[in-house]
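Welcome! Here is a friendly walk through a structure that may be new to you.

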Amino acid sequence: MKARKIVEEMDSYVPGRSQDEIASDFNLKKEDIIKLGSNENPWGPSPKAMKAIEDEIKSINRYPESQLHELVSEIAEYSGVKDSQVIIGGDGADEIIDVLAKTFIDDGDEFIVPLPSYMYYEYLLKQYGAKPVYAKWDLDENKLDVESIYNSITSKTRMIFLCSPNNPTGTLIDKEILIDIARKNPDILIIIDEAYFEYSEVTNKDLINEYDNIFIIRTMSKVLGLAGMRIGYGLACEEIIEYMHRIKPVFSLTRLSFVAALNTFRDKEYIEDSIKKGIESRQYLHDELSKIDGLKVFPSKSNFMLIGIKDTGFTASQLALELVKRGIIVRDCTSFKGLDEYWIRISICTLEEDKKFINVFKEVLN
Ligand code: PMP
């Protein structure tokens with residue numbers, strides 16, 4: 001049996017290996033492994049979310065809510081937008097990207113993504129017959145190469161993905177640049193991925209009131225501590241949201257995810273604390289790593305940072321292997337388009353884990 005041509009030609013997305021696999025491969029205790037590879041919240045979920053899940057568990061024989069009004073209002077309030085400008089996804093922000101593609105992409109359309117950036121845009125959009133056109137981040141100057149975006153636009157361009165802060169560089173894109181691109185290209189959807197915006201304390205959500213071609217992607221997987229519950233949301237003008245609701249999977253947000261999300265947004269103390277601790281950890285890691293010779297440490301506005309390791313004598317995969325043998329998982333960035341084999345990305349951790357990581361890292365480099 002043959003699959004669709006696009007599927008026949010596709011490679012599977014390869015996610016990072018699980019803690020269980022790593023523990024068994026390297027003879028480590030699962031609880032001793034330090035995860036610096038996936039940009040998660042290392043302090044655990046909100047206690048209020050955990051309690052709400054416990055209470056809800058007896059209702060999981062029933063279908064989830066399909067209307068989600070209460071959660072929509074909570075997100076609208078958190079984001080400072082109207083209820084009608086919110087859409088929620090049940091497989092995280094990744095579902096939002098998928099619904100965007102289903103809503104706006106026709107076979108043969110083009111989308112622009114400056115490299116390096118989040119690789120999943122391309123993985124999803126290709127499934128709908130869209131073609132990636134690559135612009136670039138200027139890694140020497142650590143900023144978006146805006147000209148490369150303008151030079152990539154053709155009559156077939158349907159979307160431009162701009163991640164801010166960008167994964168993996170941790171860099172913000174100036175609001176004026178975003179406005180300029182949106183204003184000059186009213187027929188192209190400008191997708192601003194704010195998965196990590198809380199750590200930068202900057203948002204572009206106000207632009208959705210002025211530009212009906214701007215879409216903001218957000219997630220609960222990062223500072224909000226719910227990566228395992230798979231909740232994302234999008235913010236845009238009412239027209240876009242209404243189109244997307246027509247085809248969004250109706251029951252993709254489970255009952256447990258629904259209550260976890262609601263109670264996390266209501267736990268303001270948890271959110272503030274997670275941001276504060278995240279920024280402290282980032283500062284600590286940046287300061288300590290900057291003292292080590294041979295590393296190019298990118299200043300980050302996110303919960304991770306990119307490190308160039310060319311002068312250490314290791315490739316990223318060699319270094320990641322040496323670290324994982326010692327119980328530390330970092331992201332080997334070799335598979336990121338736009339980066340060569342000399343980059344790793346690490347995410348924030350508890351201060352205790354940060355210290356352990358720095359010591360092990362120095363030991364490996366020496
Ligand atoms: N956007 C960016 C930039 C990301 O890094 C991620 C997750 N790594 C996502 C979107 C997707 O997040 P999720 O599906 O977990 O909500």
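Predicted model: local features only at pLDDT ≥ 70, side-chain atom pairs only at ≥ 80, totals over all residues.

Residues are numbered from 1 along each chain as its sequence is written, and side-chain values use heavy atoms, with hydrogens and water left out.

User: How far apart do the C-alpha centres of domain 1 and domain 2 lie?
Analyst: Domain bounds here come from an automatic or database domain assignment. That assignment gives domain 1 as 5–44 + 269–365 and domain 2 as 47–266. The distance between their C-alpha centres is 24 Å.

User: What area is buried between domain 1 and domain 2?
Analyst: In contact (heavy atoms within 4.5 Å) are 33 residues of domain 1 and 35 residues of domain 2. Buried area is the accessible area (1.4 Å probe) that two parts lose on being put together, summed over both. Carbon and sulfur atoms give 67% of a total of about 2,800 Å².

User: Which residues of H11 make the contact with H4?
Analyst: Helices are DSSP runs of H or I, at least four residues, numbered from the N terminus. The axes (lines fitted to C-alpha atoms over the stretch in contact, with angles from 0 to 180 degrees between N-to-C directions) of H4, residues 69–79, and H11, residues 255–265, come within 10 Å and cross at roughly 30°. From H4, Glu-70, Leu-71, Glu-74, Ile-75 and Tyr-78 take part, and from H11 Phe-258, Ala-261, Leu-262 and Phe-265.

Technical notes
Helix = DSSP H or I, 4+ residues; strand = E, 2+ residues; numbered from the N terminus.
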